Amino acid sequence: MQQFTVFMDIESSRSYIDELYSSDAVKVMEALVTLKNSVIGSNRQKSSVISQGVVPRLLQLMSEESLDPNIRLEATITIGSLAKGTPENIDSLIEKGTATALVEMLKTVPLGSKLAEAALCALRSIFSHKPAPVDALPADMRLLTRLTQIAREDSQEARTSVIRVLAVWCSGTVEQEALTCAGACSAAAAMLVVPPRSVPSPSRLVPALELLAAMCFKNPNVAQVALNTRHGDKSIPELLMCLVSRDKPLVVALKAAKCLTFLQRAGALPADDSRIVFGALPCLARLCTKENTEDIRASAAEVLAYLTEVDTSLQRLAAISNHLMSSLADIVNCQSAAAKQGAFKCFASLGANDEDIRKMIIETHGLMVHVVNGLNNPDPCVSLAAVRCLHSLSRSVQQLRTTFQDHAVWKPLMQLLNDSPGPELLNVGSSTLCNLLLEFSPAKEPMLDQGAVEMLCNLTKMSDPALRLNGIWALMNMAFQAEQKVKQRILCCLGTEQMFRLLGDSDTRVIMKMLGLLRNLLSTRQHIDAIMSEYSSQVMQAVIVVLEGSYPAEVKEQALCILGNIGDGEKSKDLIMANEDVLRKLVDYLAHPESKLQEAALFVAGNLVWRGEAGAAARQQRLAELGLLRALKLLRASHHAAHLHDKVKTALAQFNEFT
Amino acid sequence: MKLRKSEMAAIGSGRGTMDSQNQVQSDTVDRLKLLYPNVNEEETPLPRAWSTKDKFSYIGLSQNNLRVHYKGGTQGPGRRPHLPYLHLRLWMYRHGKTHRDAASVRATHPIPAACGLYYFEVRIVSKGRDGYMGIGLSAHGVNMNRLPGWDKHSYGYHGDDGHSFCSSGTGQPYGPTFTTGDVIGCGVNLVDNTCFYTKNGHHLGIAFRGLPPNLYPTVGLQTPGEVVDTNFGQQPFVFDIEDMLKELRARTRVAIDEFPLPDEQGQWQQVLHRMVSTYLVHHGYCSTAQAFSRATGQPIDEDIASIKNRQRVSKLVLAGRVGEAVETTRRLWPGLLERDPDLLFLLKCRQFVEMVNGTDCEASEDGANGVATSVISHTGRPHKRSNGVAADAAEEGGGRDVDMAPAANGDHEDEALPLVKGMPGVTASVAALLPDRFEADASSQRASVERMLAFGRELYAMSQKLSQDLYHKSMLEDAFSLLAYSNPWDSPVGWQLEPVRREAVCDALNSAILESQGMQWSSPVEACVSHARSLLRRMSRASLGACAFADLSALLAR
């Protein structure tokens, strides 16, 4: 064997690289060993060797079944060593089909052999690189069964490697289900056992926990299987429960709590299960405390955010656990984006439902400054998480009136939304905007100046129904008890064309909010007349469209309410009176089986026949001619409409000349 | 056969020193002993109940002094007026820190530092009128007309507002409020001197730092109807305290493992070899020591023949043949026992016990092995004891017991038994055993009992000559008490007969021999262990809680 040094240059290495291609097995073997020794621990050598184009030959030596097993082993080990190099090295290995070749090899190599172990080790290194070549491993049952068999029975090293590869590979429902069928749950469970009195080893436990988490994530079927998988006398949740205890390494406890969280969110464990309430949750709250490293805290906050995302009782519990709020407030101050993101997400989850918690978040921990800073953070993940947090907090009426105003949170928010945001940010941001625009929110005025109307009108033109809904909802909130110039601006900006498009929207909620917007626009007498003088035909047409179309009752109710509002205007009454079609419909609705439509129609009629207003007598006569009076009398006699009798009486009382 | 219980000497266990007011000792396992294994209750008793003395008069106790209720005082000045809430707050504000209705009670004892992590739980049976309850800790002598937390060296968590009070009249926002049905736990970490609370099994986070030592568990109540129950550890806790204990143990283990040492002291291999070798030599494991020294190159400082001699003597003692051991010692190390009458007395005393046991006979009699027959008949237990150290030659020799049912001998029953002359505390019940009823072996039995009694008298005479020391006296009394029972093996003093008791005697003799040869009386490894043990005791006295988690036997086992 030739002597070499780590600093050997390319020229001097040429000779043994040539030997690699020799037909003499002995020479090939010698060259392989030299090559292997030269690349171990030296990224420079790895790059140089790869650039010399040795990889295809190595793959060939590795895969050729007729060759001496020792040659194959050395070639595989060399590939494994190269796979521990720089990301560029791994990229070029993947490009040359190394991952596929290794997977192919795993189909045939005998289990328990050194060759299998070396191949798995190399594959693990390649899969640790991002993006991992997941396509190289097809969801082939025979192969997967073989791999899970290795994960159960093989040497410790091989088991750890294969589980790590599978954990990376498992990224979708197909993979999750396939792995479950192949028995990966029980393989992972076997790895989770910590013999008593031994020190738990993270390098063994973490890959298994990651695999389990990846398999259960948002997959109720797999989670159910995991729930019922046992190893020895313990089920998987029980094994996990042992791992979240305080004497376990932090990273192990974190991953175990994550698995329990995923099991819970996938529906396998109820939110009040003791393993969640006394296992995962306190563990995560503990990992968020100051004593721990930043990355542990960041991940713990993120998992905790997911655990407490929907369940109010878990939110309340987390809020009092181990000073979690202070811990999170502290994590927000950490440098890394991951930490800030985790903390904001967690605050968002905690404050989602409970007003007391929201109050606690804002009052005790002065979070608003950080949220505003977070909104301005250049990292999109952080700003998105900050918006989520803001959205959660904006559900509090009290906060909208006070803290939000003090910190002018709308400014950075508007800026984010105007700055070509991603779909997720747009969704959460516009929902937040919706809350900020509630009538009592003092943020309303300055936001108008920032072009909020234009932005919201644009939102109503989005293809995503959720965004359209947020846009029109926000406009509706904005129009509520607004000044006339604001209403004019909304109408002007939205445009009648878009208005009709929204009335024909596929999502009923959008139509409802659109009609709600019209109602809010057409309120108070002066506004009604002013708006109707300009948009009468369009508004009437819109109402007729809805009344004639096949819409659900609650939509038609909204339309009738708009008519009622119009009927309250001084001049606008005539617009209704002039439309016989509408009047006839009105009479029909008084006899409608749906009681809320009857009530709405009664409201319109009441406004039209109101005495003491100019032209009341003429209107009464006209309506009586169309059978309104008869309809009202019928209604009074009806037993079904007993709750409307007072209103019917009031309306009838207006017709004194005819009764 | 009549027993004279009054003859039993003090058994010498630590019980009976319990505070008279807590009669709550459970008959089954003492959970507190399991929770706090390193606490020496003779030195630092654990809090097991509330104190009937150390409390304000408004406090009432019941249910073994574990339930606390507010009974209030008689009407009078200083009694808080009944006012609506806001007025009450105003009233409180005006009255500053003098809530004259508040009343506290402390536990019977302060928390021993050797607990390491101390914990107790309080269940709110009723929040009473306003639920002004405080749970926490206070030092001895702190005013009891207060809720815990208001004064210096007093710490509390209050139910009405969820605030924590750290020696101050104003609280800090700490946790949730608590009320009827909640279980509030208070934990004291005596390693870093912090305190945390739990609510219904959920850790609420650290409330206080920098706590002083010797705090008492304390609860305070303030309005009528408030009732709380306490669990000082006699029942399982709602909170998983074991988890935290495990963490602290693991942390202490890491701290010990990773403790940095100066280089010259860090040569473990050498030190360990030396320790093993000296241990083997010390205890006379001669051939093992030789083998070990060959393997590791450790020198043996003692002559091989001398080690073998000590080994011989030790074997004799461990086999219960103390008489022979004494003879051999006299022959090999003349003058040794004469110079050390205390040791001789110890040996003789053991010899007496072994006579009762039937394992010791004067070497001169009955051939080489001696006849291992107890003079005392017994029915209960078969005579099979071995401590595994030395195969009991005597047992093989003929451990045949005389099987005889305890005959009901009417003529002896009502008689007042006369004292055996020369042996105070030994009744004539031995005389009742005297084998005049024995059909067979009568003469030999009688002779051996008489020999034993004679030996006893000699022993008593010997003890009189020694400086009148309580230790010797109680040792003798224990030994003589064996004779008071028809079946000594099943008697309360039967523990003396266990072979394992021979080890202490053996060690004492071995140490004395070594010392007389100018060598160390204890082996380095044992010195090291007992040094560590005494350091732990010192730590406990100095209120260093980490001593609770330095598990010496676990560290040695590793």
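The legends below describe close-up views of a predicted model.

Residues are numbered from 1 along each chain as its sequence is written, while chains are lettered from A and ligands numbered from 1 in the order in which they are written. Because the model is predicted, local features need pLDDT of at least 70 and side-chain atom pairs count only at pLDDT 80 or more, whereas totals for chains, interfaces and linings use all residues, and side-chain values use heavy atoms, with hydrogens and water left out.

**View 1. An open sheet of seven strands in chain B runs in the order β2-β3-β14-β5-β10-β11-β12.** The pairing in this sheet is antiparallel, where two strands pair if DSSP finds at least two bridges between them, and where strands (E, at least two residues) and helices (H or I, at least four residues) are DSSP runs numbered from the N terminus. Strands β2 (59-62) and β12 (202-208) of chain B stand at the edges with a single partner strand each, so one side of each is left without a neighbour in the sheet. On average, neighbouring strands of this sheet are turned by 25° against each other, direction ignored; axes are lines fitted to C-alpha atoms, for helices over the stretch in contact, and angles run from 0 to 180 degrees between N-to-C directions.

**View 2. Strand β11 of chain B, its partner β12(B) and helix α3(B) are shown together.** Strand β11 (residues 194-199) pairs with β12(B) in the antiparallel sense over four bridges, and B:Thr198 stands opposite B:His203 in β12(B). Helix α3 (residues 241-257) of chain B packs on the sheet and touches β5 (117-127), β10 (183-189), β11 and β12 of chain B, contact meaning heavy atoms within 4.5 Å. The direction of this helix makes about 160° with that of β5(B).

**View 3. Chain A meets chain B through ten residues of chain A and 14 residues of chain B.** The area buried between the two chains is about 1200 Å², of which carbon and sulfur atoms give 57%; buried area is the accessible area (1.4 Å probe) that two parts lose on being put together, summed over both. A:Arg246, A:Ile320 and A:His323 supply 49% of the area that chain A buries against chain B, more than any other three residues. One salt bridge is found across this interface, the term meaning a side-chain nitrogen of Lys or Arg within 4 Å of a carboxyl oxygen of Asp or Glu. In A:Arg246 and B:Glu247, the side chains meet in a salt bridge at 3.2 Å, N to O.

**View 4. A salt bridge within chain B joins the side chains of B:Lys199 and B:Asp182 at 3.8 Å, N to O.** B:Lys199 lies in strand β11 of chain B and B:Asp182 in the loop between β9 and β10 of chain B, so the pair ties together parts that are 17 residues apart in sequence. Over all chains, a search of the whole structure finds 40 salt bridges.

View 5. Most residues other than glycine have a negative phi, and most peptide bonds are trans.
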